[in-house]
Amino acid sequence: MTKVAVDLGTTATGEPAEMDLEELLSTRLLVQGNSGSGKSHLFRRILEQSAGFVQQAIIDPEGDFVSFSERFGHVVVDADRTPAELGRIAARIRQHRASVVLNLEGLDAEVQMSCAAAFLNGLFDADRHYWFPMLIAVDEAQIFAPSMAGEVADEARRISLGAMTNLMCRGRKRGLAGMIATQRLAKLAKNVAAEASNFLMGRTFLDIDMARAADLLGMDRRQAERFRDLQPGHFVALGPALSRRPLPVRIGSVETAGRSGRPVLMALPEASPEAMADLIFTAGADEPVALPPPPRAPREPVVSTHELLERVAGPRMAAGAAEAEPEADPIDAEELEQQIDEIIGELMSAPDAAFRPAPVLYQDFLVHCRLKRLGRTTLDMAAFRRRLGLARAGVGEGGADEAWAEVVARSEELPEDMQGVFLLIAKAARGGEPCPDDATLARAYGSHSPSRGRFLLTYMAERGFIASETDFRGNRVVTVAGPNWRTGPGVSKPTPGMTPRMRRA
Ligand SMILES: Nc1ncnc2c1ncn2[C@@H]1O[C@H](COP(=O)(O)OP(=O)(O)OP(=O)(O)O)[C@@H](O)[C@H]1O
Ligand SMILES: [Mg+2]
């Protein structure tokens, strides 16, 4: 392999400043500098310059590398994946040598940590056939390998630190080369920082960070004072891939833009205080409005079944026929099915139908059957429940294919009132639609209480009908056992006035 020199920029004497890419892969890189010193710019420069030569994975806490991925063809891996999925994706990334950006934008620190850990561990655990060299860039590395226990849960910290330690300490043999950046060395776990043999030190103000930088570089503290005076975009380079002696370099320009530019002063708006007040106190046309829950439709007055039957069949009964059952008109099976569907459809169209218990609806159903002169033997209670479940799930019994038939057969092993919920999920999973939220599940069960929806999921999962997982964005993904259909990520508890799309945007 020919030597590949990554062009960083220029040295103080105007010479090109280069980094030996192959050497970097076995000796790793640590970048330190205060906020605004130019670390992310430097990362971008290195990644742009080396994209054509080495497989890359960029852990992107801020969503800064979107334009980069577009320009260089990196695949963006979003966090709407479950831990197991992300691990498998990471394994495929190694197998196919794909360059990727792991987008962690908008996630809580703790979730970012678990997500990066699942991903890094997946890369690390890849089959040894696929240990191709790979550059792993972790900006804001102190998030993932903090030196001290902070606000995040110990467990998240332990897992994330473990993954970062693997990357930096044990990754080399497996082809993984870490390149990490941090604002403050003192905040980065010592063992993680210590494994890098190449350094690019930018402007540093705090004594404690300066002291740690001096230690790492083997400089005395007085020499390290020069880090205080560095301009943004200027770094001191040292290490086998860079320079044998501390070498000041000025980082060159980049082709793609991050989103975090330097704050630039701009003219203030000229609106009057009144106009301003109006602007901030009035909702814009495109703002989401938090709607109160719709009022419950008033229940129809409860009429006893007996009374209903009297009303409906009154005249005949009054005529003294003790067995007032009207003679069923002879109709063929297909038409009967159609009539039953129609009746159930009508029942379901009543405002409160979703929440009325099946036995009550069954009575109504029988009344309708009488009205249509279908006779009494149309459906028994159990069959009615099942049909009701299908209707509540929005699944017609007709038109179902073999896979569906299997799922419906499976559903019959569940308590009758849960079958519809199971089928509702199966329907969403089959179409790859988002998993229904708690309230929708509860409604399919005939309950107003969203917590009922969660209970149903747990019940079905414990009995092996489904597997329910949560992705790193907090969305629920359900797999239906048997056909292994999988729903898309769905919000379990939607915020009023917010659609799932808006939450994920
Ligand atoms: N070598 C350079 N040439 C031109 N502009 C630069 C250079 N280095 C940094 N900048 C600019 O300086 C600003 C801050 O740089 P950057 O975002 O890289 O800082 P940072 O060290 O990553 O800060 P933070 O720690 O807050 O993320 C950016 O607008 C960037 O474009
Ligand atoms: Mg930065």
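Helices, as the term is used here, are DSSP runs of H or I of at least four residues, numbered from the N terminus. Please also keep in mind throughout that this is a predicted model.

**First stop: ligand 1**

Select ligand 1 and display its surroundings: 14 residues surround the ligand, and the closest are Ser35, Gly36, Lys39, Ser40 and His41. If you then colour by secondary structure, you will find that helix α2, residues 39-50, contributes the largest share of this shell, namely three residues. Colouring by residue class instead shows a shell with one nonpolar, 10 polar and three charged residues.

Which distance separates an oxygen atom of ligand 1 from an N or O atom in the side chain of lysine 39? That distance is 2.6 Å, while for the side chain of serine 40 the corresponding distance, again from an N or O atom to an oxygen atom of ligand 1, is 2.8 Å. Glycine 38 takes part through its backbone, with an N or O atom that lies 3.0 Å from an oxygen atom of the ligand. On its own, ligand 1 has 630 Å² of accessible area, and the protein covers 74% of it.

**Second stop: the cavity**

Rolling a probe the size of a water molecule over the atoms shows where empty space is left. A search of the whole structure finds one cavity of 30 Å³ or more, and the volume of the largest cavity is about 40 Å³. By class, the lining has six nonpolar residues, one polar residue and one charged residue.

Now select glutamine 32, which lies in strand β3. Is this residue buried or exposed? Glutamine 32 counts as buried because its relative accessibility is 0%, and buried means under 20%. Its side chain makes a polar contact of 2.8 Å with the side chain of threonine 204, and a polar atom of the glutamine 32 side chain also lies 3.2 Å from the backbone nitrogen of leucine 185.

Then move to glutamate 140, whose place is in the loop between β7 (134-138) and α6 (141-144). Here too the residue is not a glycine and yet has a positive phi, of about 55 degrees, and at 18% relative accessibility glutamate 140 counts as buried.

**Last stop: asparagine 166**

Finish in helix α7, residues 154-170, by selecting asparagine 166. Asparagine 166 is buried, with a relative accessible area of 16%. Show the side chain of arginine 170 as well, and you will see that a polar contact of 2.8 Å joins the side chains of asparagine 166 and arginine 170.

Definitions and conventions
Residues are numbered from 1 along each chain as its sequence is written. Chains are lettered from A and ligands numbered from 1 in the order in which they are written. This is a predicted model: local features need pLDDT of at least 70, side-chain atom pairs count only at pLDDT 80 or more; totals for chains, interfaces and linings use all residues. Side-chain values use heavy atoms; hydrogens and water are left out. A residue is near a molecule or strand if one of its heavy atoms lies within 4 Å of it. A polar contact is a pair of N or O atoms within 3.5 Å; within protein, one must be able to donate a hydrogen and the other to accept it, and residues adjacent in sequence count only if both atoms are side-chain atoms. Accessible areas come from the Shrake-Rupley method with a 1.4 Å probe; for residues, only the protein chains shown count as cover. Helices (H or I, at least four residues) and strands (E, at least two) are DSSP runs, numbered from the N terminus. Ala, Val, Leu, Ile, Met, Phe, Trp, Tyr, Cys and Pro count as nonpolar, Asp, Glu, Lys and Arg as charged, and the others, Gly among them, as polar. On a 1 Å grid over the protein atoms alone, a cavity is a set of points where a 1.4 Å probe fits but cannot get out, and a pocket is an open set with protein on both sides within 12 Å along at least five of seven lines; lining residues have an atom within 4 Å of a point. Grid points are joined across faces, edges and corners, and a volume is the space filled by probe spheres set on the points. Buried means under 20% relative accessible area, exposed over 50%, partly exposed in between (1.4 Å probe, protein chains only).
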